[in-house]
Amino acid sequence: MHARVVAATVAAVLGTAALLSPGSDARAGGVGEPTVVAHRGASAYAPENTLASIDKAAQLGFSWVENDVQRTKDGELVVIHDDSLQRTTNVERVYPDRAPWKVKDFTAAEIARLDAGSWYSPAYAGTRVPTLEQYMRRVEHNHEKLLLEIKNPELYPGIEQQTLKLLGNEGWLDHKHLDRLIVQSFSADSIRTVHELKPAITTGYLGSPTVAQLHQYAGFTDLVNPSYGSLSKAYVAAVHAFDGPHGRPLEMFAWTVNDAATARKIAGYDVDGIITNRPDVVRAALASD
């Protein structure tokens, strides 16, 4: 939770940020390449947040996948990004009189009727919105690791407890699985709740706290995961200068990087992971350095 000695130099580092080389090809830590995470699965190649998308990630050789979790009207956890079903399903055709088609206003059975693949490609017609239980079982079958995002927790009171219960029922809170799971959210309160309920879980905050705020976040999150466009090499160094709740330096996964040039640039900032719709493109870019 406490900044290491290098934190004392953070202010000076930030003050001389212009002198740093953000395009550097070498990671400051000098240890390996960033972890590549398939965003909503390999979502450039299959419909996002579906079983097909994580199957595609596995076929491409990627072990880490990211997803989004929300809750239905009757309390089922489902994997979908938007709080509305409109963009990624045929809900307007199936339920034309129920605008604005919010996830929370439909039962799990109603959502199970929807086509979540045709919007992406006719080849994926009939693809369904998976429940979190179905999704976890496919991740396990594929021997993948999961960056799970609790989406819009303000809409779903108690979703942290419910998500953790399901993860526990599926065996994902056993010691042998804990290194395969990260739970993240844009809500600091939600991540704090996850940490308080299950301190052993690795947690991630989606956003860019100020350097002055980092000591507070280090009390309950292991990763600070910002948009790549908000990054500088100095900010990454500032994050790494703090130890998180498990006594390890805070890490950083940057999102969402989809081209080779940006992947090389962000890797040069010494980030620990890169979240991408095109994991094969990022992997090739990093390998070519």
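**Entry 1: helix α9.** I looked up which residues of α9 are buried, and the list reads Lys233, Ala234, Tyr235, Val236, Ala238, Val239 and His240. That is 7 of the 8 residues in this helix (residues 233-240), so I noted α9 as mostly covered. For my own record, buried means under 20% relative accessible area, exposed means over 50%, and partly exposed is in between, with a 1.4 Å probe and protein chains only. Helices (H or I, at least four residues) and strands (E, at least two) are DSSP runs, numbered from the N terminus.

**Entry 2: ground rules.** The model is predicted, so I kept in mind that local features need pLDDT of at least 70 and side-chain atom pairs count only at pLDDT 80 or more, while totals for chains, interfaces and linings use all residues. Residues are numbered from 1 along each chain as its sequence is written, and side-chain values use heavy atoms, with hydrogens and water left out.

**Entry 3: helix α11.** Which residues are buried in α11? I found Pro279, Val282, Ala285 and Leu286, in a helix that covers residues 279-287. Seen down the axis of α11, these buried residues fall within an arc of 125 degrees, so they line one face of the helix. The arc is that of the directions from the helix axis to the C-beta atoms. A reminder to myself: an α-helix has 3.6 residues a turn, so residues three or four places apart point the same way. I then checked the packing partners of the buried α11 residues, and they are β1 (35-38), α10 (260-267) and β9 (273-276). Contact here means heavy atoms within 4.5 Å.

**Entry 4: α5 with α6.** I looked up how α5 (residues 132-141) and α6 (residues 159-169) pack: the angle is about 40 degrees and the axes are 11 Å apart. Axes are lines fitted to C-alpha atoms, for helices over the stretch in contact, and angles run from 0 to 180 degrees between N-to-C directions. The pair is therefore oblique; angles under 35 degrees count as roughly parallel, over 145 as roughly antiparallel, 65 to 115 as roughly perpendicular and the rest as oblique. On the α5 side I listed Leu132, Glu133 and Met136, which meet Thr163, Leu166 and Leu167 in α6.

**Entry 5: α2 with α5.** Next I turned to α2 (residues 51-59), which packs with α5 at an angle of about 15 degrees, the axes being 10 Å apart. That makes α2 roughly parallel to α5. Leu51, Ile54 and Asp55 in α2 meet Gln134, Tyr135, Arg138 and Val139 in α5.

**Entry 6: cis peptide bonds.** I found a cis bond joining Ala99 and Pro100, with omega about 10 degrees. Pro100 sits in the loop between α3 (91-94) and α4 (108-112). Another cis bond runs from Trp255 to Thr256, where omega is near -20 degrees. I placed Thr256 in the loop between β8 (253-254) and α10.

**Entry 7: positive phi.** Asn49 is not a glycine, yet its phi is positive, about 60 degrees. I found Asn49 in the loop between β1 and α2. Is Asn49 buried or exposed? At 2% relative accessibility, Asn49 counts as buried. His143, also a residue other than glycine, has a positive phi near 60 degrees. His143 belongs to the loop between α5 and β4 (145-150), and with a relative accessible area of 65% I logged His143 as exposed.
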